[in-house]
Amino acid sequence: MGDLDLLWGGLQAAVTPENLMYAAIGVLLGTFVGVLPGIGPAMAVALLLPVTFGLEPTSAFIMFAGIYYGGMYGGSTTSILLNTPGESASVMTALEGNKMAKAGRAAQALATAAIGSFIAGTIGTLLVALFAPMLADVAVDIGAPSYVAIIVLALVMTSTVLGSSRLRGLVALFLGLSIGLVGLDLNTGQPRLSFGVPQLVDRLDIVVVAVGIFALGEAMWVAAHLRRNPLQIIPVGRPWMGREDWRRSWKPWLRGTAVGFPFGAIPAGGAEIPTFLSYVTERKLARDQGEFGKGAIEGVAGPEAANNASAAGMFVPLLALGVPVTATASVMLAALEGYGIQPGPQLMTEQSDLVWTLLASLLIGNTLLLVLNLPLAPLWAKLLQIPRPQLYAGILFFACLGAYSVNLDPFDIALLLAFGLLGLAMRRFGLPVLPLILGVILGPILETKLREALAISDGAYSSLLGEPLAVVVYVILALALVLRLVLARVRPAGFEPDDIDVRDEEKVNR
Amino acid sequence: MSWIVVGWTPDEFGQVAVEHATAEAALDGSGVILVNASKGDKLVDLRFASGDQLEEVRRTLAAALPGGDDVVQVRQVVAQDVAEAVLAVAAEVDATLIVLGIRRRTPVGKLLMGSVAQRVILDAECPVLAVKPGTRPRYAH
């Protein structure tokens with residue numbers, strides 16, 4: 001078990017006071033952005049990118065990982081207390097969790113969500129430590145055609161399988177791919193889509209794109225809808241669970257973990273499907289089926305565990321293949337590139353210190369989350385009383401500061417505004433953000449691999465199907481597309497509850 | 001019929017304002033309008049009453065006034081400016097008195113958050129009664 005030794009080594013590296021501090025900052029910040037609907041871990045990581053370029057990569061990634069897990073956890077608080085899930089992954093939690101809260105069992109709902117997240121996150125991280133090196137070992141031998149296939153799979157799945165509308169997903173994807181094209185063609189040295197602007201020849205900085213889409217777009221969207229009726233919050237004390245709650249929760253936690261992790265690990269993950277599956281499973285298995293829909297604790301424990309397990313699963317393709325499957329993961333990938341670290345299968349061997357310290361700090365961050373969140377839940381609920389103008393003024397300040405600090409060029413501020421307007425338009429027309437950001441980040445990688453494959457085969461497109469793995473991946477893609485059509489039929493119409501207020505554009509905005 | 005307008009929030013400040021308004025209304029049979037306003041810029045505003053809270057205060061008030069349900073109104077408003085929302089209702093019904101529960105504000109707090117009470121007092125067309133929690137109405141009812 002060499003990997004466990006490596007994980008142990010990573011644990012020792014992560015338990016320095018400095019790294020512990022970054023983990024703590026990360027989980028606090030993550031919970032902060034997770035609790036507030038509309039702002040998520042992807043935005044937080046994007047805003048922090050310029051700041052963290054001054055840090056060691058390890059410290060930065062410890063913080064990012066904390067933000068990611070914290071954001072996953074924070075979403076459950078809002079779902080349970082307000083019935084407004086911040087992202088699609090929390091919709092199922094809101095379904096039973098809010099009913100529990102209304103019945104005066106908010107403390108138990110929050111507790112089962114927190115402990116379930118902890119258990120699923122810990123098991124998930126250990127599974128990442130187990131599977132990522134194995135996958136990376138295999139992936140080192142993968143040729144360019146298979147890489148192309150895997151990236152195509154990730155792009156097509158995130159834009160068509162997830163989310164409510166295939167058309168909108170594809171529109172967002174192609175917008176992202178176009179943005180990814182801007183700049184010098186790496187093979188021929190010709191400028192593309194630069195419109196004669198010298199700054200554009202130098203490729204768009206991912207910080208500017210991500211901050212513009214996530215932070216500025218959201219801020220402008222909120223500014224356009226500033227005054228709304230305040231929501232009624234359910235008051236809550238310190239979360240706790242009785243013996244009966246424990247007895248009813250532990251099996252859903254484990255089942256949720258088992259369902260969630262594989263869905264997070266396959267490219268085209270996302271927590272929407274596993275949380276749905278976990279919810280349906282728990283409802284089927286429940287002894288007292290009538291309780292479901294009125295606040296059954298199993299309906300909170302299962303989906304919340306599935307949610308966090310899939311959040312952990314996401315690290316497998318990110319670390320082993322360099323393929324992100326969530327918005328946060330793609331911003332993290334951009335951060336890796338910012339440090340001059342080449343993501344891909346060789347990451348596990350070339351940067352093994354970074355990887356193992358990161359995995360170890362995920363375990364630490366998870367524990368910190370549990371320790372912090374159980375007693376702090378009432379405080380997190382208070383965050384919802386921050387006036388929006390002050391909150392978004394702060395976000396805008398950091399957004400502009402971050403965009404400017406990348407190149408110290410006022411042109412970037414103008415670009416930021418342009419991407420902010422694009423982000424606003426996407427929210428207005430319900431375009432999902434994830435396909436766009438994946439397109440921006442994976443597009444150039446896809447192009448490089450595609451050209452590599454074609455250069456080897458002298459331009460013969462048939463070579464793209466020349467590797468068995470590539471063929472398998474395309475078959476999986478075809479199957480998934482068919483499955484999606486079947487699922488749409490099978491899923492009972494009108495299942496999406498009306499009383500849950502999920503904004504369309506946030507559905508895949510994780 | 002004359003009306004007393006109360007700037008009401010579901011807390012001790014709203015509570016004391018209602019007590020004073022009840023005493024004043026009992027003197028001459030005026031009606032009481034409670035205005036619960038929010039800027040609507042927070043996701044959760046604890047001063048924005050829930051339907052239950054509004055119904056409860058309306059019932060208590062109606063029980064305390066000789067005129068009963070007919071002389072009690074409760075209005076909930078989301079407006080850019082809470083002070084203006086209260087003043088608008090006062091102007092609409094030609095109020096004879098506005099009652100406000102007031103809280104202490106530090107100079108910095110006032111600079112940052114402004115003061116609703118101050119603007120109501122300065123801009124009102126009628127007398128304004130500013131009351132603090134712990135004070136009792138002049139006339140027992």
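**View 1. Contacts and fold of chain B.** Of the contacts in chain B with a separation of 6 or more, 75% are accounted for by residues 24 or more positions apart; two residues are in contact if their C-beta atoms, placed from the backbone, lie within 7 Å. The model is predicted: local features need pLDDT of at least 70 and side-chain atom pairs pLDDT 80 or more, whereas totals for chains, interfaces and linings use all residues. Residues are numbered from 1 along each chain as its sequence is written, and chains are lettered from A and ligands numbered from 1 in the order in which they are written. Chain B has five helices and five strands, these being DSSP runs (helices H or I, at least four residues; strands E, at least two) numbered from the N terminus. Their order along the sequence is β-α-β-α-β-α-β-α-α-β.

**View 2. The largest nonpolar core.** A nonpolar core is a set of buried Ala, Val, Leu, Ile, Met, Phe, Trp, Tyr and Cys residues joined through C-beta atoms within 7 Å; a residue is buried if 20 or more other C-beta atoms lie within 10 Å of its own. Among the 161 residues of the largest core, A46(A), A210(A) and V211(A) touch the most other members. Helix α6 (residues 106-139) of chain A provides the largest share, 18 residues. Beyond its neighbours within four places in sequence, A46(A) is in contact with V207(A), A210(A), V211(A), F214(A), A215(A) and V331(A).

**View 3. The second core.** A separate core of 37 residues includes F13(B), A25(B), V82(B) and V128(B). Buried residues make up 39% of the 141 residues in chain B.

Key:
A residue is buried if 20 or more other C-beta atoms lie within 10 Å of its own, exposed if 12 or fewer, and partly exposed in between; C-beta atoms are placed from the backbone.
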